[in-house]
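Thanks for making time, everyone. Have the sequence and the structure open while I talk. I will go from one spot to the next, and then to the contact between the chains.

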Amino acid sequence: MTGLGSNPRRTLNSAELSRLSERLGLLLRVGVLLSAAFLVAGMLVAASSSGPASVFPTGSTGGKPSWHEFTDDGAAVGLVLVGLILLVATPIARVVLSAETFAAARENDYVLVLLTVLGILAASVLVGLFL
Amino acid sequence: MLGFLESIVALLLIAVGAGFLGSMLGLGGGLVIVPALVLLFGVDVHLAVATSLVSVIATSAGSASRYAGQGLLHLRLGFFLEVATALGGLLGAVLTALVLVGSTGDNILFVVFAVVAISAAVLIARDLRRGGVATPPADPLADRWRLHATLPATPTSPERPFRVGRVKQGMGLSFVAGVASGLLGIGGGLYKVPAMTGVMGVPMKMASATSSMMIGVTATAGALVFLFQGDVVPLLTAPVAVGTLTGSFVGTRIHTTASSSTLRLIFVGVLIAAAVLMVLRGLGVTSA
């Protein structure tokens, strides 16, 4: 089956899948190392400054903290939050890169699969924010 | 009450241990991290699950990146099953973050965790995960979605094509694995790998590698719920994530054949102890 446009539909061959694997591997490695760097930086800043009294939250609502409990050490928490965002962004970026590769090969069924996964991740954000 | 520095160091050490043990046995550290946080540090179980889930993303990315270079990722199958696991992860996280709250919700979580920990202990002790992989019956879904693949050649064996089957069952089990992940802060590989090997016919090495990749997205689906609910405590999560990542990195570079059964025994012992303590907490026999 061919689609419209200059790139007829075909399936990725094993060499192309292998190449995609390598790129995904590199993406995951870079993402997690970058994330870890920010997490470590945040811990070091917290340790070197006066720091919060404890890492363990003592929120009034059954142990669940509110964010403002951690603004005493804004720089440290900020660095950690950047690290956490990079961490969750890494698998998301992996899905996006895969979708781009399958889209270029016009394996549209797998583009749909990967977009569905992205949709579920987007739903997670919305559920976390609004429920 | 531990001071700040002592807390960070204690968390790092436990997380390194969990990551190390887990990586040697092909599991994430979640099954150790959650009970450690709850039982040793008195952390609220919902926050412990959120913390563990974030660290699972880190260890998954680390191990998947290693497998990627070896051609062991079955990308199409992983992407296909991720629809089910991500949905499961979202549902599991919603249950933990929003439904199973209060002391009754906590107790249910403790008991469910204990059951899963025991099942993990049984699987590891009997090494059922390493059972033989039979070719499943023909499945038009596997043909339609181009799921048949080839295990790459190694220095000691030629490449081996294999056929995938029982796609619907595999999706169902992947969904359950996803729910367990979001619910309990674990990777879920414990269920994903047997689903791919025993049920769908994927060779073990490829199933483990692909599972490690899928775990990242599964855990992210759950972690995003917790993150935006405010359940991810930054200075608690940072040492746990860094620790498990470090432990798992070290674990994959130390290949000690002599100690693999010893490690399995240690892991089984830790899981059983954690399960017993968690169920005692859940049934109200012990308290925080």
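Start in the loop between α2 and α3 of chain A, where Arg106(A) sits. This is a predicted model, so keep that in mind throughout. Look at the backbone here. Arg106(A) has a phi near 55°, which is a positive value in a residue other than glycine.

Now zoom out to chain A. Chain A contains three helices and zero strands. Along the sequence the pattern reads α-α-α. Chain A has 131 residues, and 41% of them count as buried. Now take the contacts in chain A with a separation of 6 or more. Of these, 70% are between residues 24 or more positions apart.

Next, the contact between chain A and chain B. How many residues does each chain put in? Chain A gives 59 residues and chain B gives 61 residues. Together the two chains bury about 5200 Å² between them. Carbon and sulfur atoms carry 78% of that area.

The rule finds five salt bridges between chain A and chain B. One of the residues to look for is Arg146(B), which forms a salt bridge with Asp109(A). Their closest N and O atoms are 2.9 Å apart.

Which helices of chain A supply the side that touches chain B? α1 (14-48), α2 (74-104) and α3 (108-130) each supply at least two residues. The largest share comes from α1(A), with 16 residues. By type, this side of chain A divides into 41 nonpolar, 11 polar and seven charged residues.

The largest nonpolar core has 131 residues. Which members touch the most other members? They are Phe102(A), Leu37(B), Phe79(B) and Leu147(B). Helix α9 (residues 204-229) of chain B gives the most to this core, namely 15 residues.

Stay with Phe102(A) for a moment. Set aside its neighbours within four places in sequence. In chain A, its contacts include Leu12(A), Leu17(A), Leu20(A), Glu107(A), Tyr110(A), Val111(A) and Leu114(A). In chain B, Phe102(A) is in contact with Arg76(B) and Phe79(B).

Back to helix α9 of chain B, for Thr210(B). Thr210(B) is buried, because its relative accessible area is 0%, under the 20% cut-off. Where does its side chain go? The side chain of Thr210(B) reaches the backbone oxygen of Met206(B) at 2.6 Å. Beyond its neighbours within four places in sequence, Thr210(B) is in contact with Leu72(B), Leu73(B), His74(B), Gly78(B) and Met196(B).

Met196(B) brings us to helix α8 of chain B, where Met196(B) is one of the buried residues. Helix α8 (residues 189-199) is mostly covered, with eight of its 11 residues buried. Among the others buried there are Leu190(B), Lys192(B) and Val193(B). What do the buried residues of α8(B) pack against? They pack against α4 (75-99), α5, α7 (167-184) and α9 of chain B. After α8(B) comes Gly201(B), with a positive phi near 90°.

Arg166(B) is not a glycine, yet its phi is positive, about 50°. Find Arg166(B) in the loop between β2 (160-162) and α7 of chain B. Arg166(B) counts as partly exposed, at 31% relative accessibility.

Arg166(B) also has a partner to show you. Pro137(B) is in contact with Gly165(B) and Arg166(B), leaving aside its neighbours within four places in sequence. Pro137(B) sits in the loop between α5 and α6 (140-144) of chain B. Its relative accessibility is 49%, so Pro137(B) counts as partly exposed; exposed would need over 50%. How far is Pro137(B) from Val164(B)? They are 27 residues apart in sequence and 8.4 Å apart in space, C-alpha to C-alpha.

Last stop: Ile108(B), in helix α5 (residues 102-126) of chain B. Ile108(B) is partly exposed, with a relative accessible area of 38%. From Ile108(B) to Ser55(B) is 53 residues in sequence and 23 Å in space, C-alpha to C-alpha.

Note on methods
Residues are numbered from 1 along each chain as its sequence is written. Chains are lettered from A and ligands numbered from 1 in the order in which they are written. This is a predicted model: local features need pLDDT of at least 70, side-chain atom pairs count only at pLDDT 80 or more; totals for chains, interfaces and linings use all residues. Side-chain values use heavy atoms; hydrogens and water are left out. Helices (H or I, at least four residues) and strands (E, at least two) are DSSP runs, numbered from the N terminus. Buried means under 20% relative accessible area, exposed over 50%, partly exposed in between (1.4 Å probe, protein chains only). Contact means heavy atoms within 4.5 Å. Buried area is the accessible area (1.4 Å probe) that two parts lose on being put together, summed over both. A salt bridge is a side-chain nitrogen of Lys or Arg within 4 Å of a carboxyl oxygen of Asp or Glu. Ala, Val, Leu, Ile, Met, Phe, Trp, Tyr, Cys and Pro count as nonpolar, Asp, Glu, Lys and Arg as charged, and the others, Gly among them, as polar. A nonpolar core is a set of buried Ala, Val, Leu, Ile, Met, Phe, Trp, Tyr and Cys residues joined through side-chain atoms within 4.5 Å. A polar contact is a pair of N or O atoms within 3.5 Å; within protein, one must be able to donate a hydrogen and the other to accept it, and residues adjacent in sequence count only if both atoms are side-chain atoms.
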